[in-house]
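Work through the exercises below with the sequence and the 3D structure at hand. Each task is followed by a stepwise solution.

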Amino acid sequence: MIRKLSAMVFALALLAHLAPLAQPAMAQDDLPPAPYAYRQLDDPAQEAKAQALMETLRCLKCQSQSIADSDASMAGDMRSEVRQRIAAGENPEAIRRWLMDRYGDYVSYKPEVSETTWPLFAGPLILLLIAAAVLWRRLGGKRG
Amino acid sequence: MKHWRYFLPLAVFVAFVGVAAWQLTRPRDDFVHSAMIGKEVPSFDLPTAVGDRPALSTANLKDGKPKLLNIWASWCIPCAAEAPQLARLQEAGATIVGVAIRDRPEDVAAFLDRYGNPYARIGRDDLSKVQLSIGSSGVPETFVVDGNGVIRYQHIGDVRPEDVQLLLSKLEEAKR
């Protein structure tokens, strides 16, 4: 009996301590989600296009997630925007460009060669060339 | 003497550590800055967010007078924290127009009753459309828009007391 009581007291004390943690750290709005935030497009081909694009667009609130992954309301609004534009016949790359014009390259996960990223693409090529040159000198040189 | 070659890998390693150490000492910037600075605000026409303030459209931003465009929401806590600073900006002569993100009229009214209303106009943006179109990635953000509707400056996060002077000078710059 006493054991049961003390277990209950313990459980209550635990709850009292955990309760403040249950509150959200940041407030979120409570408006219903945008029309196409959680609703797929009726045309499967269009939905596939939208999905492929959404998986390569960064959620701006939770920056390591794509908008396809995120439950942030802003990501929902972005999904709705993407789906509606796709439904209207817009090209996925044009939508990506529209967002990059507003948020910069960072909003897109798709690797692109640009002023700042070219060393990432050129680096491995240069290393390969150096390795080939070294091998050629060591192996080819001896034989000749 | 070819011995210097044996030190090449070490030199590359030291260079790598140097770059990493230098990057570590630099302050982190997690903000996604808008790429719309220097460009015109895309056209929009929002309904009014609260009874006693008129609605907001692009035409209102092109009336020849520089303005502060404040992106905010009643559910956003830092927005409450910046309210005294917005009041000071308004007292100093700034025209502030607001875009309420995903908000209800009654919540907007309650927020303004509690924290004051520095806004000349407030538009209601239920789908974050205007927010997306100007490259804003959260609430609150404050844009300086000149009299021709061109975005001149973006302040990300709540306006702190030390930011008031900077925003006033950016508004002054936008007059030119």
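**Exercise 1.** Find the largest nonpolar core and the residues with the most contacts inside it.

Solution. The core in question holds 39 residues, and B:Ala73, B:Val99, B:Ala100 and B:Val144 have the most contacts inside it. Such a core is a set of buried Ala, Val, Leu, Ile, Met, Phe, Trp, Tyr and Cys residues joined through C-beta atoms within 7 Å; buried means that 20 or more other C-beta atoms lie within 10 Å of a residue's own, with C-beta atoms placed from the backbone. The model is predicted: local features need pLDDT of at least 70, side-chain atom pairs count only at pLDDT 80 or more, and totals for chains, interfaces and linings use all residues. Residues are numbered from 1 along each chain as its sequence is written, and chains are lettered from A in the order in which they are written.

Next, the elements: two or more residues each come from S3, S4, S5, S6 (141-145), S7, H4 (83-91), H5 (105-115) and H7 (164-175) of chain B. These are DSSP runs numbered from the N terminus, with at least four residues for helices (H or I) and at least two for strands (E). S4(B) gives the largest share, five residues.

**Exercise 2.** Which strands stand at the edges of the five-stranded sheet in chain B?

Solution. Write down the order of this open, mixed sheet: S5-S4-S3-S6-S7. Strands pair if DSSP finds at least two bridges between them. S5 (119-125) and S7 (151-156) of chain B each have a single partner strand, so one side of each lacks a neighbour in the sheet. Inside the order, S3 (67-72) and S4 (96-101) of chain B run parallel, joined by five bridges. B:Leu68 stands opposite B:Ile96 in S4(B).

Conventions. Buried ≥ 20, exposed ≤ 12 C-beta atoms within 10 Å, placed from the backbone.
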